[in-house]
Structures are given as C-alpha cells and as structure tokens.
Amino acid sequence: GVVIVVPPVSNATGIKMIPDNAHPFQAPGPNDQRGPCPGLNTLANHGYLPRNGIASFEQIITAVREGFNMEHDLAGALAGFAMLARGNAFVNLVSIGGASPLVPVLPGAIDGPNPPGGISKHGRFEGDVSMTRQDAAIGDNVHFQDSLYDELLLYTGRFGDDSPVTGNGSIVTTKVMQEFKFARFVEDQVKDPVLQYHVGRFALSYGEAAFVLNFFANGTDGTLSTPVMGSFFRNQTFPDDWYRRSSPGDINLIGEGVDQILSAHPIAPGANDANGNYVLDAPIDTCSPIYFNLAVQNLPASYSKATGILKQNVNTLIQAIAKPFGCPAVFPTGPS
Ligand code: HEM
Ligand code: MG
C-alpha cells in the first residue's frame with residue numbers, strides 16, 4: 001500500500017501558456033487508458049498526467065492545476081471521488097479510462113472480486129446527460145461522439161457570440177450552454193428508459209458544462225472559440241497559443257456557472273420511471289445534497305471493512321471530497 005498525502009496548496013496559479021516545452025502532444029498508444037473526461041485525456045496526451053492514463057490522487061491535483069488552473073480543493077474532491085468510486089485507494093491509482101491490469105482488485109475485495117472499472121465505468125461518477133458522450137443505455141458513454149458534438153456546434157452557431165477572428169456565431173457562451181444542455185436533457189429523457197439524473201450526477205453534468213466555459217476558454221480574454229473547444233473535445237490536445245485561466249477556478253465559480261446555465265430552463269434532479277416519466281427526487285435535507293448523494297449514497301459502505309493503509313487512505317479521501325462543500329465528512333453507506 002501507498003499512503004495518500006494531500007499535496008500542499010501551490011501558489012503557481014497565474015496565467016501561463018500551456019503546454020510548455022516539456023509537455024508536447026503525443027497520441028496515446030494502444031495500451032494507454034483514455035475515457036469520458038476531455039480534460040484528463042488532454043492532460044495525459046501531453047504528459048501532465050502519466051501517458052498510460054493511470055494516475056495517483058496527487059498527480060491528478062497537480063496536473064489539473066498546471067494545465068487548467070483548477071483550484072486545489074475542487075481538484076481534491078474530484079480526484080478523491082474518482083479514486084474511491086473507480087480506483088484502488090490502497091495502491092493510490094485510478095484509470096482515467098477503463099479497467100487496467102495496473103490497477104488491481106482492492107484488498108479484501110471491498111468493491112467486489114473484479115479490478116476497479118476506471119472512471120469510464122458507468123454509475124457513481126460517469127453518468128447520464130453528458131455533452132459529447134451518450135448515456136450508457138443508449139450508446140457509447142466513453143468516447144467522443146461526433147453527432148453530439150455537431151449538435152453543440154449547431155447551438156453555438158445559433159446562440160453563440162460573433163468573433164472577428166473565427167467568424168459569426170463561433171464564440172461559446174453561457175447562452176449556448178443554457179440551450180444545449182436543456183436540449184440534451186430533453187433528448188435523453190425521451191430516449192433513455194433508465195435515465196438517472198439524481199442530484200449528484202445532475203450537479204456534475206451541469207458542472208461539466210461550466211468547466212467547458214471556465215477551463216477551456218483562453219485565459220488571455222476568457223473567450224472560448226469553436227476551434228479551441230474542438231481541440232479539447234475532438235483532438236484532446238491543447239490548442240496553439242492557448243493560456244490557462246488567470247486565477248484558480250474553484251467550486252464557487254463552477255456553482256455560479258451552473259446556476260446561470262440552469263436559470264434559462266430550470267429543471268430539477270430525478271430519474272425516469274418504468275413508464276418513461278421523469279420523476280422528481282424528494283429533496284435531501286443535509287449539509288450539501290450534492291456531496292451527500294455523490295459520496296455518501298453512491299460510494300460502497302463496504303469501505304468500512306478497510307484496515308491499515310487502505311483505511312487511512314479512505315478517510316483522507318472522504319475528507320478531501322467533503323472539504324470544498326464545507327460539510328463534515330460522512331462515511332459512505334452505498335451499495336457495492
Ligand atoms: C467529464 C472526471 C477534471 C472537463 C468527466 C467525467 C469524469 C470526469 C468521470 C465523465 C462524466 C460524464 O459526463 O458522464 C474528472 C476528474 C477530474 C476532472 C476525476 C479531476 C480533477 C476535469 C477538468 C476539466 C474537465 C480539469 C476541464 C478542464 C470535463 C468535461 C466533461 C468531463 C467538459 C464532460 C464531457 C462531456 O459531457 O462530453 N470528468 N474530471 N474535467 N470533464 Fe472531467
Ligand atoms: Mg456520461
């Protein structure tokens with residue numbers, strides 16, 4: 001086992017051209033893991049994350065700061081959740097794609113007899129109503145889907161701002177995401193008989209749209225053009241002449257982005273029932289429903305069987321997840 005240590009907060013968080021010379025693009029090889037997150041895929045393609053796509057908690061926090069200026073505690077919550085949901089917290093490794101021989105079964109088979117699925121595995125972290133990946137029940141929930149991206153481009157052309165450089169309707173704005181995200185929800189609500197859009201996934205889904213606006217935009221002027229967005233989504237590479245954002249992007253920034261996106265077409269967490277009707281969830285009365293649904297209700301209660309280093313790491317990661325929500329850490333109670 002490897003003891004997980006939360007890295008110190010770095011103050012290397014200014015605007016910076018990315019990538020630097022030490023991080024050239026290199027296409028992944030056949031055994032390198034890539035998955036549903038265009039941010040992590042891009043970082044691995046440039047060696048900010050290990051190019052094989054197998055990363056530690058600390059490596060993920062450092063990489064998302066270096067490449068995108070994601071704030072420390074937000075990064076810690078996402079990395080901690082990925083590790084507990086789909087990685088091996090005993091050896092401190094998670095695959096940014098599918099299952100890998102480099103990420104073994106947890107000791108004591110705490111999460112079943114199989115090796116952890118990696119973040120590509122549906123449920124817990126990967127979920128429904130993604131932007132450029134299909135719902136697992138509809139199609140490919142891992143790889144970039146041209147048809148969905150074309151829809152995003154269509155909405156950008158219709159609702160985006162004009163740019164003197166890249167042309168009319170080529171700047172991706174909050175308005176674009178307001179309309180696109182609502183359209184994606186309506187589509188999947190009709191097409192996915194087992195649509196799950198509970199508050200944890202709901203917040204991540206809208207949060208990821210806010211990631212696009214806040215982390216993919218060029219840090220020089222904060223605007224996001226369609227060629228830049230395409231570079232990340234389609235090619236999983238940093239664009240030319242691209243700068244990371246000029247200040248750390250934290251959970252409050254993303255929360256405000258989510259509220260803005262939702263405000264045009266307010267919908268609420270829920271799931272489809274057997275008749276294909278979208279049934280709203282009862283509100284959860286807790287410090288943070290998002291934290292509670294994601295980490296307490298969804299992570300397996302069997303982590304309570306952990307001993308030694310694994311137990312220590314589980315506690316470290318649960319605290320890292322709770323921290324940016326400002327909530328007390330609560331031990332998971334979910335199914336295996
Ligand atoms: C989606 C993990 C950081 C941008 C996802 C998904 C996972 C994930 C599991 C799939 C969810 C789904 O749509 O079903 C993580 C982890 C991170 C991280 C563990 C660690 C900090 C980032 C960063 C960015 C980013 C830094 C942007 C620079 C996105 C976007 C999507 C996404 C845009 C949605 C893709 C789509 O809907 O087509 N991420 N992510 N992520 N992530 Fe990340
Ligand atoms: Mg998904």
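First, the ground rules. Because the model is predicted, local features need pLDDT of at least 70 and side-chain atom pairs count only at pLDDT 80 or more, while totals for chains, interfaces and linings use all residues. Residues are numbered from 1 along each chain as its sequence is written, chains are lettered from A and ligands numbered from 1 in the order in which they are written, and side-chain values use heavy atoms, with hydrogens and water left out.

Let's start with ligand 1. How many residues surround ligand 1? There are 26, where near means having a heavy atom within 4 Å of the molecule. The closest are Cys37, Gly127, Ser130, Met131 and Thr132.

You will find cysteine 37 in the loop between strand E1 (16-17) and H1. Helices (H or I, at least four residues) and strands (E, at least two) are DSSP runs, numbered from the N terminus.

Which helices each supply at least two residues of the shell? They are H1 (38-45), H2 (57-68), H3 (72-86) and H6 (199-215). H6 gives the largest share, 5 residues. By type, the shell divides into 18 nonpolar, 4 polar and 4 charged residues. Nonpolar means Ala, Val, Leu, Ile, Met, Phe, Trp, Tyr, Cys and Pro, charged means Asp, Glu, Lys and Arg, and the others, Gly among them, are polar.

Oxygen atoms of ligand 1 also sit by polar side-chain atoms: serine 130 at 2.6 Å, glutamate 208 at 3.0 Å and glutamate 126 at 3.1 Å.

Next, salt bridges (a side-chain nitrogen of Lys or Arg within 4 Å of a carboxyl oxygen of Asp or Glu). The count comes to 8. In one of them, aspartate 73 pairs with lysine 323, their closest N and O atoms 3.4 Å apart. That pair links distant parts of the chain, 250 residues apart: aspartate 73 is in helix H3, and lysine 323 is in the segment after helix H10 (308-322).

Finally, the backbone. Most residues other than glycine have a negative phi, and most peptide bonds are trans. Isoleucine 18 and proline 19, however, are joined by a cis peptide bond, with omega about 0°. Proline 19 lies in the loop between E1 and H1. Asparagine 92 is not a glycine, yet has a positive phi of about 60°; look for asparagine 92 in the loop between H3 and strand E3 (94-95).

A pocket, on a 1 Å grid over the protein atoms alone, is an open set of points where a 1.4 Å probe fits, with protein on both sides within 12 Å along at least five of seven lines; lining residues have an atom within 4 Å of a point. Its lining has 15 residues, including Arg124 and His198.

Technical notes:
Polar contact = N/O pair within 3.5 Å; in protein donor to acceptor, adjacent residues only side chain to side chain.
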